[in-house]
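Please look at the sequence and the structure shown here, and keep them in view while reading about the pairing of charged side chains.

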Number of protein chains: 4
Amino acid sequence: MPLTPEQQAEINEARATPRPTLRAVSEGMEARLHHAIPVLDHGLIRVIDYMGDDAAIVQAARVSYGRGTKAVSNDEGLIRYLMRHWHSTPFEMCEVKLHVKLPVFVARQWIRHRTANVNEYSARYSILDREFYIPAPEQLAAQSTVNNQGRGAALEGEEAQRVLDILRADSTRAYDHYEAMMAPTQADGTPQQGLARELARMNLPANVYTQWYWKTDLHNLFHFLRLRADPHAQYEIRVYAEAMCQIVRDWVPLAYAAFEDYRLGGAVLSAKGVEVLKRRLAGEAVTQESSGMSKGEWREFEGVWG
Amino acid sequence: MPLTPEQQAEINEARATPRPTLRAVSEGMEARLHHAIPVLDHGLIRVIDYMGDDAAIVQAARVSYGRGTKAVSNDEGLIRYLMRHWHSTPFEMCEVKLHVKLPVFVARQWIRHRTANVNEYSARYSILDREFYIPAPEQLAAQSTVNNQGRGAALEGEEAQRVLDILRADSTRAYDHYEAMMAPTQADGTPQQGLARELARMNLPANVYTQWYWKTDLHNLFHFLRLRADPHAQYEIRVYAEAMCQIVRDWVPLAYAAFEDYRLGGAVLSAKGVEVLKRRLAGEAVTQESSGMSKGEWREFEGVWG
Amino acid sequence: MPLTPEQQAEINEARATPRPTLRAVSEGMEARLHHAIPVLDHGLIRVIDYMGDDAAIVQAARVSYGRGTKAVSNDEGLIRYLMRHWHSTPFEMCEVKLHVKLPVFVARQWIRHRTANVNEYSARYSILDREFYIPAPEQLAAQSTVNNQGRGAALEGEEAQRVLDILRADSTRAYDHYEAMMAPTQADGTPQQGLARELARMNLPANVYTQWYWKTDLHNLFHFLRLRADPHAQYEIRVYAEAMCQIVRDWVPLAYAAFEDYRLGGAVLSAKGVEVLKRRLAGEAVTQESSGMSKGEWREFEGVWG
Amino acid sequence: MPLTPEQQAEINEARATPRPTLRAVSEGMEARLHHAIPVLDHGLIRVIDYMGDDAAIVQAARVSYGRGTKAVSNDEGLIRYLMRHWHSTPFEMCEVKLHVKLPVFVARQWIRHRTANVNEYSARYSILDREFYIPAPEQLAAQSTVNNQGRGAALEGEEAQRVLDILRADSTRAYDHYEAMMAPTQADGTPQQGLARELARMNLPANVYTQWYWKTDLHNLFHFLRLRADPHAQYEIRVYAEAMCQIVRDWVPLAYAAFEDYRLGGAVLSAKGVEVLKRRLAGEAVTQESSGMSKGEWREFEGVWG
């Protein structure tokens with residue numbers, strides 16, 4: 001459970017006094033504001049601020065299409081039309097700002113999504129907390145034997161224990177040394193100069209937790225979620241993406257439903273894939289050899305279509 | 001005056017019913033929301049939505065600098081420190097969405113600022129209104145004789161009248177033809193096919209008005225304002241920038257004051273410029289020849305320093 | 001034909017003297033460098049510079065995946081894998097710089113793709129040429145009656161002639177007035193002040209030609225081509241996209257083939273679409289009513305799948 | 001020395017066979033291509049590819065300003081004019097691709113510059129090498145007592161030794177455990193499942209080396225260098241920035257000279273700073289109290305102006 005009493009008090013205070021606004025308001029998001037969703041063993045996600053709602057997407061689209069959009073009967077239909085036809089700019093009109101606490105190795109994947117604004121806790125300026133991600137036993141997975149970047153079954157028995165012992169001991173020792181190097185005195189009280197924070201941090205492993213404010217628009221958030229809420233994403237970032245899916249569903253329910261239908265639950269076919277499906281629909285039994293696909297492509301194709 | 005009774009009614013409705021929110025609220029911005037600021041003869045700017053306030057900038061900075069920022073005594077000092085040291089990410093945590101109506105030739109300059117989200121009225125999809133920018137007489141300027149991209153004195157007398165007559169007549173004729181080409185019948189009622197809107201629009205001149213929703217963060221907005229609220233910017237975009245300066249001053253007064261001091265009112269010196277000033281401070285009389293600057297640089301340098 | 005003898009001489013000179021380089025070289029692109037491909041009546045596209053080739057994509061991917069990529073037997077297979085799995089960063093390692101001459105209304109669509117570098121001819125600084133896009137008769141299309149942003153059949157007979165007459169006459173008159181307003185003398189030789197270029201340009205219609213240098217990476221170029229080489233794109237921008245497809249095919253033949261298979265020729269299915277196809281494959285006759293799709297979605301679905 | 005014989009052989013091969021090209025060629029850059037510049041104890045920077053040269057900047061500017069640029073007599077003057085007036089787009093027409101090997105904590109600062117393309121070695125996919133940054137004794141600095149994010153004097157004697165011992169021992173142990181957790185057998189040969197690479201990497205500290213291909217345009221590179229070649233930047237990233245300065249000087253000597261004069265060696269003044277200098281030039285003795293600046297601002301101002 002990642003929240004201290006101080007943090008909970010801060011959240012309560014932030015939620016105590018609603019103020020009037022003339023902006024678009026999403027009731028689903030107001031219910032979430034400032035609350036923390038726990039993720040992994042010490043991580044969290046919480047909404048700090050947002051801009052826009054489903055109606056704001058529609059409003060922006062109607063600016064673009066002008067009188068022409070009168071034909072589309074309702075907001076849901078228009079939002080689905082925009083999603084289906086890759087009209088991304090109306091979705092960019094919504095924005096969200098999140099507070100995220102996450103292990104450094106997850107942060108390194110996350111930051112590769114460049115179209116976002118970030119303020120990260122600076123270990124050059126301040127001292128990191130003693131918090132490290134230690135996987136739950138069921139997530140302590142072996143290397144996949146078929147996929148270079150995947151996991152196989154969970155480690156068993158003694159091996160699992162050995163790994164957990166290593167991760168815990170190395171994290172503890174690294175943090176002890178981090179503190180000792182920066183301290184104004186040695187353990188016995190002898191004064192020392194104390195290593196610069198910007199150097200001492202290099203001793204901390206990638207499972208140490210960092211935190212940041214992360215702000216992005218809904219279009220780019222959907223792009224992030226499509227890649228990171230995917231079963232092929234690493235578990236430790238996927239759980240953050242899944243928590244964000246819950247948030248977005250409450251924020252812009254129509255847009256999220258369209259995203260689920262057209263992106264998360266949909267499928268992309270190559271020209272060859274279209275051809276094979278058409279032959280199958282016409283009653284032909286197509287094999288990998290006659291498909292024109294490589295073995296890898298065929299395996300992935302069969303994964304969806306049988 | 002660019003607002004129709006329908007538009008004013010829409011604004012009144014949007015402002016009629018405040019709703020409670022748990023987000024950061026800027027009172028200065030609430031007072032501006034939805035109201036239209038007239039710009040040029042038919043243009044406008046109005047705030048549709050915003051995210052964050054001065055306190056949100058400070059909050060983001062404190063996430064980055066952690067406990068280290070406790071030393072800075074107050075919000076104003078911290079915001080000035082961030083601006084002075086080009087720490088741009090906390091300013092990116094504020095966002096604004098504007099509705100802008102502007103001539104196409106201004107829109108073409110504006111869109112060159114790429115870090116923004118835009119939904120523009122589509123002349124492919126819908127029909128543009130009969131509204132054209134005709135400069136006020138005092139803005140009908142001659143080509144500058146010293147600056148390839150600048151204006152000289154206002155045209156006088158008959159010449160000014162000739163130009164206004166041309167602009168008005170050509171705009172009117174272009175729009176008449178635009179309508180006539182798309183119409184389902186000829187002037188005498190004979191049916192015709194009607195040219196596609198996406199083609200007919202090519203007959204409209206660059207002073208026709210378009211409109212868009214434009215959304216950007218405060219850091220990028222400051223960058224825009226530094227270039228476009230500058231005396232060297234073309235008058236027709238500068239008036240939009242100046243209207244936005246008013247908006248930003250009400251939205252984030254501390255950040256705007258820092259921007260005014262460090263960017264709008266400040267000066268950038270080259271290494272040579274620093275050297276010349278130091279020599280002058282030491283009592284030396286420096287000339288263009290002894291400055292190491294070209295004539296153009298020296299003229300600009302003297303423009304600031306005498 | 002858009003090239004003057006001076007321009008052709010410039011191209012010949014640029015191609016006259018090959019120089020040795022240690023960089024990646026694409027023979028297909030060397031053959032294209034500096035040559036102009038005519039587009040529309042006065043437009044053109046030509047390659048000014050490029051960085052990288054198919055091998056550079058592979059090289060970047062192998063940096064990312066390290067020893068793990070040894071399993072993939074060849075470059076073509078790896079490039080197809082990257083494209084299939086939306087691994088976009090290796091494609092970003094190739095860059096191209098184009099010189100494009102295009103009508104302003106096409107430029108206005110084009111510039112909406114923000115991830116590119118642009119240097120456009122400045123009508124604030126210099127005087128535009130007297131060149132206007134006048135559609136060929138077969139492109140002079142009526143407004144579509146089923147699609148708000150589409151074209152129907154070509155205009156016929158007298159109506160086509162009327163439209164061409166309007167476009168030609170209005171362009172000519174607009175340019176005559178543009179020149180007259182800026183001129184140092186009136187037609188009869190009487191001196192006048194001359195309107196500033198930055199103002200005179202507002203009289204020019206959107207079919208006037210402009211030109212720019214446009215530079216982007218291969219990933220973003222593919223995104224542009226997917227949207228603009230699509231049959232739903234407006235004809236006047238699609239012809240530029242098609243010319244660029246030819247260029248890219250010669251530049252990076254493996255990447256282009258993967259792009260054609262997975263993007264241009266492929267299909268995207270919603271979750272509902274996947275479900276309908278699976279039911280069909282299982283022998284069921286699915287109707288719009290039983291599909292769960294709206295009429296619009298069903299029409300588009302049948303457009304691909306019958 | 002970071003290069004293995006295999007790597008050196010690869011470089012030699014890449015440099016062995018120049019090929020003819022019709023593109024812009026920078027001789028200074030050709031001399032650098034593929035060669036590695038050593039940085040820190042195991043890091044490196046090398047140029048993999050580039051696009052454009054000083055003449056390409058000029059060419060792009062002349063497209064923008066058209067006939068108007070004829071007045072500017074030479075390339076150097078035009079490039080200085082562009083830099084002085086923040087006309088950034090012509091500099092965006094040059095592009096460079098670098099291979100960089102760097103410690104993870106440096107990579108985490110570096111990646112905050114978002115306008116670049118990156119392919120990083122994937123520790124999810126492959127196994128990192130046993131290479132860790134251990135500071136040279138003179139870089140083992142104490143925390144600054146006046147600056148929260150700075151360094152003071154180098155640690156002395158036994159304290160320096162203790163810190164080096166910790167960093168070395170923790171790195172070695174972390175890597176031993178990293179390997180042991182992934183291994184197919186325990187130390188005594190007993191088979192085990194082997195932890196997934198994407199998990200094992202979390203045990204590695206931030207001084208482990210990673211590597212990437214990094215590609216950016218010259219304008220954004222200058223922005224990076226202005227911030228990271230600055231004395232306030234952390235030493236470990238500054239040495240990379242300084243190596244890049246050498247590269248850019250050879251690549252585009254005129255642009256680099258303008259950058260040095262107007263950015264690296266220049267100074268930015270606030271409105272208050274301009275006012276103080278003008279008062280001083282007029283003979284007045286201005287103090288912090290009469291300057292209107294805070295103590296911090298005044299200290300920085302005096303740092304430049306005495």
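This is a predicted model: local features need pLDDT of at least 70, side-chain atom pairs count only at pLDDT 80 or more; totals for chains, interfaces and linings use all residues.

Residues are numbered from 1 along each chain as its sequence is written, chains are lettered from A in the order in which they are written, and side-chain values use heavy atoms, with hydrogens and water left out. Over all chains, the structure holds 92 salt bridges, a salt bridge being a side-chain nitrogen of Lys or Arg within 4 Å of a carboxyl oxygen of Asp or Glu.

**Between chains**
- C:E30 pairs with D:R23 in a salt bridge whose closest N and O atoms are 3.6 Å apart.
- This pair crosses from helix α2 of chain C to the loop between β1 and α2 of chain D, where helices (H or I, at least four residues) and strands (E, at least two) are DSSP runs numbered from the N terminus.
- C:E30 is buried at a relative accessible area of 7%, and D:R23 is buried at 3%; buried means under 20% relative accessible area, exposed over 50% and partly exposed in between, with a 1.4 Å probe and protein chains only.

**Within chain C**
- C:D261 and C:R80 form a salt bridge at 2.8 Å between the closest N and O atoms.
- C:D261 lies in helix α10 and C:R80 in helix α4, so the pair ties together parts that are 181 residues apart in sequence.

**A network**
- A:R80, A:R84, A:D261, C:K272, C:E297 and C:E300 are joined in a network of salt bridges.
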